[in-house]
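Have the model open as you read.

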Amino acid sequence: MTVKKKKFELWTVVSLVLLATFLLFLVYPMFGLLKQSVITPEGQFSLAEFTKFFSKSYYTDTMVNSMLVTVSVTAVSLILGIPIAYFYSFYKIKGAKALFVISILCSMSAPFIGAYSWIMLLGRSGVITQFLLGLGIDIGSIYGFKGILLVQSLKFFPLVFIYMNGAFKNIDNTLMEASANMGCTGVSRLFRIVLALSMPTILAAGLMVFMQAFADFGTPMLMGEGFQTFPVLIYNQYLGEGGQNFNFAAALAMIAVIITAVVFGIQKFATSRFKFSMNALHPVEKKDAKGLSGFLMHLYCYVLVAVAFLPQLYIIYLSFRNCSGAVFKPGFSLGNYEAATKKLLGRSIKNTTVMGILALVIIIVIAVLIAYLVVRRSSALNNTIDTLSMLPYIMPGAVIGLALLIAFGKKPFALTGTMTIMIIALVIRRLPYTIRSATATLMQISMSIEEAAISLGASKAKTFVKITVPMMANGIFSGAILSWVAIVTELSSSIILYNQKSITLTMSTYVAISRGNYGLAAAFAAILTLITTISLLIYLAVTKSEDVRL
């Protein structure tokens, strides 16, 4: 009797390697963060840091502030974004393509750049503020809650616009006609039919805005003043000038993870209440936007997008203005760009490019493998890997940066201050975008195509490389471009991990702003805007699609 040898399975090895990778670079750092939050420097278990947080209103107020501003930003973004998406999808808006492209560009910029620009416009010495004061109009302070709400809402409402545009395109026109025949038209149809059918996407868009607003460090740091939020508190406790408390910072990070996990769970539960499928066999036909209502639609779309895009235009304008420190002077020159070349511009661009490309290559490889494992070889092990890969989606960047710093700040993994730890952070933070895009694409590809290739003599490995991956190309590229833009504008984790050798364009911009070198900051920000614009144009040229998923 012969014993049949168990066939070597390459994909099992791939699964185990991926699992080990996530255990090392995600689970291990998060365990270290948890350990530091409950273990005293003397090695004793203690919940003193959590007790400290909940026993002092100064600390709990930051949690209240973060929830207040984040919920407000989410609500305002939905209120602003849903109407423009509705007008864009159901009516023939003149210049619609330009509105869509500019909206995407607004959503792709670093949030703190918008904060910096609005300070230049509406701050105490802002151009608009001074102009209105000359007319006897005092608009009050932009700092604190109001300023953060303004900046983040204008930054994040395009996310809602982009998401809802895809959802509205999936609504079958026969449903609209049927509702009209039953007397349900106008505003009533919008709420009872259109928005009801789009509720899963509304919840997904709301979650995306919530997570990004909650994790935003730069905007509240620049504009908060007395209105402190959670990411700022974590940063100040770990690296702040007023004193460092590593254990307390770790406890704050764990509280942040719990908050976002609860919100994510609520969103998933709410989404499960709206399970249905739609096939847009008869897409909605756009109507002409005529008369007073058409004029108001155009006015709303143009004004909203123009106001959202104003900060980026103003930054580019300021980059060419003569400037000394924080004071802009009459006249234009390339002085700010010349100063930038002397202030780490070359190194910043090189680091941004090198680390971004390396991180993106790693992201693409891991995303393709995970997508294939989840869709084609579903198992408990592969589903666990998929779940682990999505955990960073609900974690603020400051938490991931702090966890990596604790895990790899000492031997045997002494990576503090290196490009390696920066790349690890970028991969972990931005991997979910490409995974979801690649997975969604592969789910739409019939398995019969791969089976046909195998039946014709191609090996499984050759079929994967020559057939499966090329068919996934659009989804991979879409997710990769969005991951790339998120990489080059990353701040919240980078600010904890960077040093002069690994500084990026985003960090150079932020450092210049914090030091009051506004002209220099404008030059760095303008170059960063140029990079994101080029990335967007590449994305639109290759995909030729409006169904963007950020």
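1. Let's start with helix 2, residues 48-55. Its buried residues are Glu49, Phe50 and Phe53. They sit on the same side of helix 2, because they cover an arc of only 100 degrees around the axis. As a reminder, an α-helix has 3.6 residues a turn, so residues three or four places apart point the same way. Keep in mind that this is a predicted model.

2. Now the overall picture. You'll count 25 helices and four strands in the protein. The radius of gyration comes out at 25 Å, close to the 24 Å that the globule rule gives for 550 residues, so the protein is as compact as a globular protein of that length. Along the principal axes, the C-alpha trace spans about 95 × 75 × 50 Å.

3. On burial and surface: 54% of the 550 residues count as buried. The protein exposes about 25200 Å², and carbon and sulfur atoms supply 66% of that area.

4. The largest nonpolar core has 185 residues, and Leu33 and Tyr116 are the ones with the most contacts inside it. Have a look around Leu33. Setting aside neighbours within four places in sequence, Leu33 is in contact with Ala250, Ala253, Met254, Val399, Leu402, Ala403 and Ile406.

5. You'll find Ser103 in helix 4, residues 96-108. Is Ser103 buried or exposed? It is buried, because its relative accessible area is 1%, under the 20% cut-off. The Ser103 side chain reaches the backbone oxygen of Leu99 at 2.8 Å. Not counting residues up to four places away in sequence, Ser103 touches Pro158, Phe161 and Val305.

6. Two backbone angles to check. Glu225 is not a glycine, yet it has a positive phi of about 50 degrees. Glu225 lies in the loop between helix 11 (218-223) and helix 12 (230-239).

7. The other angle belongs to Leu344, again a residue other than glycine, with a positive phi near 70 degrees. Where does Leu344 sit? It is in the loop between helix 15 (335-342) and helix 16 (345-376). With a relative accessible area of 25%, Leu344 counts as partly exposed.

Notes:
Residues are numbered from 1 along each chain as its sequence is written. This is a predicted model: local features need pLDDT of at least 70, side-chain atom pairs count only at pLDDT 80 or more; totals for chains, interfaces and linings use all residues. Side-chain values use heavy atoms; hydrogens and water are left out. Buried means under 20% relative accessible area, exposed over 50%, partly exposed in between (1.4 Å probe, protein chains only). The arc is that of the directions from the helix axis to the C-beta atoms. A nonpolar core is a set of buried Ala, Val, Leu, Ile, Met, Phe, Trp, Tyr and Cys residues joined through side-chain atoms within 4.5 Å. Contact means heavy atoms within 4.5 Å. The radius of gyration is taken over C-alpha atoms; the globule rule is 2.2 Å times the number of residues to the power 0.38. Accessible areas come from the Shrake-Rupley method with a 1.4 Å probe; for residues, only the protein chains shown count as cover. A polar contact is a pair of N or O atoms within 3.5 Å; within protein, one must be able to donate a hydrogen and the other to accept it, and residues adjacent in sequence count only if both atoms are side-chain atoms.
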